[in-house]
Amino acid sequence: MTNGVTDPALHLAPPRETIDGPRVSIIMPTFRRSHQIPESIRSLLSGEYQDFELLVRDDGNTSDGTEEAVVAAAAGDTRVRYHRNSANLGVARNLNAGIRASQGELIAVCHDHDLYRPGFLKAMVNALDRQPSALYVHCASQVIGQGGEQKGSNVSDFGELTTGIEWLKFMLSTPHCPVCALTLVRRSAHERYGLYNPRDGFITDIDMWMRLSIYGDVAYVHEPYLLLRERERDHHAHSNFAGITRAVARIHSRHLPVAYHGAERIRATLRLQFWRNRILLTGAAQVLKRRVVRPEVQRVRVEGA
């Protein structure tokens, strides 16, 4: 195993001679979203493509009613399999446990708060069937609010197939990941090139897309079959911009030597350092502004009352 994936814990069992089970395994990690996961599950069960299993992996406890919500949404559909972890595993380990427990030839990751249009899985499977050199396929999306209202879209003009090295360089050119986490990956890719790396925390998927781009090509579905729900206001991603920015920079640094050499690598490294520092400084300035301005605003309001 190369490019930072040397930990045996990231290895998936060797390729199997036969696949006993559905063609697609959907892994849905969940954490305290019993109020939204039923709609996510129902949107998948009502899709056009039906040859799948859905493995719900619960990283929470029994207090929020997630298990009951999953059972109610499944309505007896035996394709849905619920599992609650005995301890909080974190995103990467939870995904890896789900993949190890799965049976499918293709592995989809679906979030517990997003929605999936009827043609989602069918389009993703068909794209990989048309593009045998692609190790994974990602999809255009629309963004919705907590209440389901339309907020925006993420639709790009990528070709249906991009060479891996071209895609890796594109990802390294920007701090903003162009791959939605909700992808479809060949099981054989995980068997050969590893699972999600826990040391990358919340953004472990960014490392995965870059790593797989080293070994194969990347497919894209232009139709926005995904409805990505904005995260809750108190989600840790909103308050941990500095940690996430540093983690993104570490992942980029890990893959830069693969994509660039000589003077190109130097330029790419300087570009990475520039945007990392710019984001950290901008974010710090915004935090400071909120801390300084809010008390002043509150004082003026009280005095004017």
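Good morning. I begin with Arg32, which is partly exposed, with a relative accessible area of 48%. Arg32 is placed in the loop between β1 and α1. Although Arg32 is not a glycine, its phi is positive, at about 55 degrees. For context, most residues other than glycine have a negative phi. Please keep in mind throughout that this is a predicted model.

A second residue belongs in this part of the talk. Ala75 is not a glycine either, and its phi is positive at about 50 degrees. Ala75 sits in the loop between α2 and β3. With a relative accessible area of 68%, Ala75 is exposed, because the limit for that class is over 50%.

Let me now turn to the overall architecture. The protein contains ten helices and ten strands. Of its 305 residues, 50% are buried. Taking contacts between residues at least 6 apart in sequence, 83% join residues at least 24 apart.

Helix α1 is mostly covered, with seven of its nine residues buried. Those buried residues are Ile37, Pro38, Ser40, Ile41, Ser43, Leu44 and Leu45. They pack against β1, β2, α2, β3, β5 and α4. In helix α3, which spans residues 91-101, the buried residues are Ala92, Asn94, Leu95, Asn96, Ala97, Gly98 and Ile99. The partners of the buried α3 residues are β1, β2, β4, α6 and α7.

Next, the nonpolar interior. As a general remark, nonpolar side chains tend to be buried together in soluble globular proteins. Which members of the largest nonpolar core touch the most other members? They are Tyr136, Tyr196, Trp209 and Leu212, in a core of 41 residues. Helix α9 contributes the largest share of this core, namely seven residues. Another core, of 37 residues, lies apart from it and includes Ile41, Leu54, Ala73 and Leu228. Ile41 is also one of the buried residues of α1.

Leaving aside residues up to four places away in sequence, Trp209 touches Tyr136, Met171, Cys177, Val179, Cys180, Ala181, Thr183, Val185 and Tyr196. Trp209 counts as buried, at 0% relative accessibility. Tyr136 is likewise buried, with a relative accessible area of 0%.

This brings me to the aromatic rings. Searching the whole structure gives eight aromatic pairs. Why is the pair of Tyr136 and Trp209 called tilted? The ring centres of Tyr136 and Trp209 are 5.1 Å apart and the planes meet at 35 degrees, so the pair is tilted; stacked would require under 30 degrees and edge-to-face over 60. The pair links distant parts of the chain, since Tyr136 is in strand β6 and Trp209 in helix α7, 73 residues apart. Phe158 and Trp167, by contrast, form an edge-to-face pair, with 4.9 Å from centre to centre and 85 degrees between the planes. Both Phe158 and Trp167 are buried. These two residues belong to one aromatic cluster together with Phe170 and Tyr220.

Rolling a probe the size of a water molecule over the atoms shows where empty space is left. Here the count comes to two cavities of 30 Å³ or more.

The largest cavity holds about 50 Å³ of space. Its lining consists of Ser43, Leu44, Gly47, Glu48, Tyr49, Phe52, Tyr116, Arg117, Pro118, Phe120 and Leu121. By class, the lining of the largest cavity comprises seven nonpolar, two polar and two charged residues. Helices α1 and α4 each supply at least two residues of this lining. Ser43 and Leu44, both in the lining of the largest cavity, are among the buried residues of α1.

The second largest cavity has about 30 Å³ of space. Which residues line the second largest cavity? They are Met171, Thr174, Pro175, His176, Cys177, Pro178, Ile206, Met210, Val248 and His252. The elements giving two or more residues to the lining of the second largest cavity are α7 and α9. That lining has seven nonpolar, three polar and no charged residues. Met171 and Cys177, both in the lining of the second largest cavity, are also among the residues that Trp209 touches.

Thank you for your attention.

Notes. Residues numbered from 1 in each chain as written. Predicted model: local features only at pLDDT ≥ 70, side-chain atom pairs only at ≥ 80, totals over all residues. Heavy atoms only, no water. 1 Å grid on protein atoms, 1.4 Å probe; cavity = no way out; pocket = protein on both sides within 12 Å on 5 of 7 lines; lining within 4 Å. Points joined across faces, edges and corners; volume = space filled by probe spheres on them. Helix = DSSP H or I, 4+ residues; strand = E, 2+ residues; numbered from the N terminus. Nonpolar A, V, L, I, M, F, W, Y, C, P; charged D, E, K, R; others polar. Core = buried A, V, L, I, M, F, W, Y, C linked by side-chain atoms within 4.5 Å. Buried < 20%, exposed > 50% of the residue type's maximum accessible area, 1.4 Å probe, protein only. Contact = heavy atoms within 4.5 Å. Phe/Tyr/Trp six-rings, centres within 6.5 Å; stacked < 30°, edge-to-face > 60°.
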